[in-house]
Each structure stands twice: as C-alpha cells, then as structure tokens.
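Have the viewer open while you read.

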Amino acid sequence: MKFQSKLYQEDIEYVAGLDLDWDALKGKTIMVTGASGMIGTFLIDVLLYRNLSFQNEITVLAVSRNRKKLEQKFSAYEKLDLFHIVEHDVSKEMALKDQCDHIIHGASNTHPIEYANDPIGTITTNILGTYHLLEYAAKQTNCQMVLLSSVEIYGENQTDIHRFSEKDCGYIDCNTVRAGYPESKRLSEAMLQAYRSQKDIHTVSVRLCRTYGPTVERDDSKALSQFIEKAVKGEDIVLKSQGNQFYSYIYVADAVSAILYSMLKGTDGEAYNVADPGSDATLKELAESLATSAGTSVIFELPDVGEQKGYSTATRALLDAGKLKKLGWQAKYAIGEGLERTVDMLKGTSDFRTYGKG
C-alpha cells in the first residue's frame with residue numbers, strides 16, 4: 001500500500017509500526033466518529049494500512065453525518081470488505097446492532113467560527129453524541145470508549161501553573177457563548193466516569209492540545225490552520241491579535257500515536273494529556289515561521305464580531321504529558337518539522353492520500 005505523497009507514506013508507516021499490541025486489535029471492530037476530520041482521516045488510514053500490510057483484520061466503521069464527504073475522502077477503500085461507511089449524526093441514537101469493540105469518539109464542532117455561529121450544535125454534538133455512544137457501548141460486550149477531549153477543558157490559566165497536569169483545572173466563564181465547547185467537553189468526560197461506574201464501560205479520555213497536519217480541513221477556522229492555508233497559497237499570514245498566546249501544539253501523526261497508546265496501554269478511567277515541549281509556541285512565532293518559509297509577510301487585522309466570539313480567551317495553555325510518556329509514548333515531530341511537512345504535502349498535490357500508484 002503506497003500513498004501518493006512520500007511524506008504521508010512515512011507518517012502512516014511510522015504510526016503503524018509503533019511498538020504496540022496490535023494483535024489485541026486483530027479481528028476487532030473499531031468505530032471512528034468524526035471520521036472525515038483531520039484526526040479521524042489519519043487514524044483510519046493507519047488502521048487500514050495495518051490491515052493491508054500486516055493482516056490485522058480490523059473492521060473499521062467510519063462514522064459521519066456527511067456521507068458524501070466520507071465517500072470522497074475514502075473512495076480508495078470502497079471495495080475493502082472490512083471498511084464500512086456509516087452515515088449518522090451522533091447527536092441522535094445509534095441504531096447499529098453489530099458488536100463493536102472500540103469506539104474512538106472524535107465527532108465535534110472544532111472550528112471557532114462554529115462555536116459562535118452554531119453554539120447549540122456545538123454543545124449538543126458533544127453532550128448528546130457522547131451520551132448516545134455510551135448508551136450504544138453499554139449494549140455491547142466489553143466495548144471500550146475512547147473520548148477525544150481537549151486542552152480547552154482547562155480553561156484560562158489564572159495562576160502560576162506552568163503546565164496543566166490531568167489534575168489541574170483552570171477558569172471558564174460559563175456565562176458566554178464561547179463556553180459551550182469547553183464546558184460540554186468537561187461534561188463529556190464526567191459522563192464517561194458515570195457510565196464506567198454504573199454500567200462498567202472501559203473508558204479513556206485523550207486530552208489533545210492544538211492539533212495540526214496535512215489532513216486538516218481546508219476551511220478550518222482555527223488560527224494555525226488559517227496560517228498554514230495562507231502559507232500553502234503563498235499569501236501573507238493574517239494575525240488577528242498581538243500573537244502572544246502561548247500554546248502546546250501537536251502534529252497529527254503524533255496525536256494519533258498518542259490516541260493509540262492511550263487506547264491500548266492506558267488505564268481504565270484515566271485521562272491523558274497529549275503535548276510535547278518541542279511544539280510549544282506563541283501564535284506570533286508560528287505566523288512568522290510560516291511567513292518566512294512562504295516568502296511572505298505577517299499582517300495584523302482586527303477580528304470581526306463573529307470571529308471574536310469564537311476565539312479562546314486563554315493566553316497560556318501548555319500541557320504536561322508526563323503521564324502519557326510513562327506509557328512509552330513520545331512525539332516524533334517538533335513544531336518546525338511538522339509545519340514544514342504539512343505545507344509541503346498540501347502544496348504538492350490535493351490527492352496526497354491517494355494510493356495504488358506507487
């Protein structure tokens with residue numbers, strides 16, 4: 001199995017070759033919600049690579065409410081017996097009856113503009129989606145639920161905490177439209193604990209820092225995603241603040257490897273931060289780096305009212321991933337190399353994920 005892009009091939013082979021208990025997944029069924037998103041796409045490519053190259057015989061259920069997008073994104077897999085597209089809105093009851101062994105729940109509104117323009121959808125996708133999937137998991141035999149949570153649950157760092165550990169908790173002003181996303185992620189994690197206690201479901205929460213990579217949706221409204229899009233097009237990078245926000249970032253291949261480590265090696269009921277000090281940066285640093293590589297400039301522009309409502313007010317959000325690293329996980333790509341790979345792939349070809357020609 002060869003992808004069009006050599007860089008993407010390297011990323012997939014790297015994650016698929018990690019020292020994990022892949023045999024534990026042999027013959028199992030894994031449901032991935034948010035399958036057409038940045039993380040879901042990469043994760044499914046890894047799982048199907050394992051099938052085609054290592055005969056893992058993993059049945060993959062790719063779940064999204066947009067069937068057309070799924071068919072376009074995964075057209076190369078349409079004839080595979082172990083790959084199935086499932087058109088479904090997770091905010092509604094899951095009607096599938098077949099046994100499922102692992103649910104990796106990544107369906108969520110993750111665009112700041114959506115937080116402002118569709119705050120109800122943002123909240124209900126997170127809360128009702130988690131509820132319905134947990135109800136579905138409760139009807140299965142030994143089904144594990146892996147929730148893709150977020151750095152957003154930590155809110156604003158208003159103390160002298162250098163890095164948030166899994167036991168820390170920052171401030172969220174719940175009386176704002178923007179609060180719908182982090183508060184519903186917090187409640188989703190609480191629901192996992194409730195179902196684990198009352199219905200004996202094996203659960204793990206994966207708290208991802210800000211994630212980027214070549215599988216990003218091209219209309220993603222997050223700041224770094226917009227910077228990358230501008231760099232790919234050779235345009236000036238637009239910075240809509242002073243750029244002093246200091247965050248943890250992670251390349252999509254490292255994010256997916258962290259999910260797999262948490263799923264296969266993590267402890268039932270625990271949460272794991274995903275971040276790496278080599279990818280801590282301010283928005284200004286990221287903008288300047290991408291502008292330099294693209295031969296363009298950074299320009300400052302005031303955000304409009306809708307954008308302002310969707311932006312996080314956190315100025316410092318660094319995560320401590322020491323707990324995850326104790327499981328053996330480590331990041332492969334620091335921010336500089338990750339951004340370079342991302343831009344190179346997106347500039348190279350729009351179908352870098354196509355396979356079968358190499």
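Is Gly243 buried or exposed? Gly243 is buried, because its relative accessible area is 1%, and buried here means under 20% relative accessible area, with exposed set at over 50% and partly exposed in between (1.4 Å probe, protein chains only).

Before going further, some ground rules. This is a predicted model, where local features need pLDDT of at least 70 and side-chain atom pairs count only at pLDDT 80 or more, while totals for chains, interfaces and linings use all residues. Residues are numbered from 1 along each chain as its sequence is written, and side-chain values use heavy atoms, with hydrogens and water left out.

Gly243 sits in the loop between strand E8 (237–239) and strand E9 (246–251). Element names follow DSSP runs numbered from the N terminus: helices are H or I with at least four residues, strands are E with at least two. Setting aside neighbours within four places in sequence, Gly243 is in contact with Thr282, Leu283 and Lys284, where contact means heavy atoms within 4.5 Å. Phe300 is 57 residues away from Gly243 in sequence, and their C-alpha atoms are 9.5 Å apart in space.

Lys139 gives you the other end of the accessibility scale. It belongs to the loop between H5 and E5, and its 58% relative accessibility means that Lys139 counts as exposed. Between Lys139 and Ser53 there are 86 residues of sequence separation and 32 Å of space, C-alpha to C-alpha.

Thr29 is part of strand E1. Its relative accessible area is 12%, so Thr29 is buried. Leaving out neighbours within four places in sequence, Thr29 is in contact with Thr59, Leu61, Gln99, Cys100, Asp101 and His102.

**The sheet**

Now zoom out from Thr29. An open sheet of 7 strands runs in the order E3-E2-E1-E4-E5-E6-E10, with parallel pairing; two strands pair if DSSP finds at least two bridges between them. Strand E3 (83–87) and strand E10 (271–274) are at the edges, and each has a single partner strand, so one side of each lacks a neighbour in the sheet. From one strand to the next, the twist averages 20°.

Two of the pairings are worth a look. Strand E1 (residues 29–33) and strand E4 (residues 102–105) run parallel and are joined by 4 bridges, with Thr33 opposite His105 in E4. E6 and E10 also run parallel, joined by 4 bridges, and here Arg207 stands opposite Asn273 in E10.

What about the faces of E10? Both are covered: Ala271 and Asn273 on one side, and Tyr272 and Val274 on the other, are all buried. Helix H6 (residues 180–199) lies across strand E5 (144–150), strand E6 (202–208) and E10, and runs at about 160° to E5.

**Helix packing**

Axes are lines fitted to C-alpha atoms, for helices over the stretch in contact, and angles run from 0 to 180 degrees between N-to-C directions.

| Helix pair | Axis distance | Crossing angle |
|---|---|---|
| H1 (residues 6–16) and H8 (residues 252–265) | within 10 Å | roughly 15° |
| H5 (residues 119–138) and H6 | within 8 Å | roughly 15° |
| H1 and H2 (residues 38–54) | 9 Å | about 70° |

Angles under 35 degrees count as roughly parallel, over 145 as roughly antiparallel, 65 to 115 as roughly perpendicular and the rest as oblique. H1 is therefore roughly parallel to H8, and H5 and H6 are roughly parallel to each other. H1 is roughly perpendicular to H2.

For handedness, a crossing is left-handed if the near helix is turned anticlockwise from the far one by less than a right angle, and right-handed if clockwise. H1 passes H8 in a right-handed crossing. The residues in that contact are Asp11, Tyr14 and Val15 of H1 with Ala253, Asp254, Val256, Ser257 and Leu260 of H8.

H1 also passes H2 in a right-handed crossing. There, Tyr8, Gln9, Asp11, Ile12, Glu13, Val15 and Ala16 in H1 meet Thr41, Phe42, Asp45, Val46, Tyr49 and Arg50 in H2.

The crossing of H5 and H6 is right-handed too. Among the residues making that contact are Ile123, Ile127 and Leu134 of H5 and Leu187, Met191 and Tyr195 of H6.
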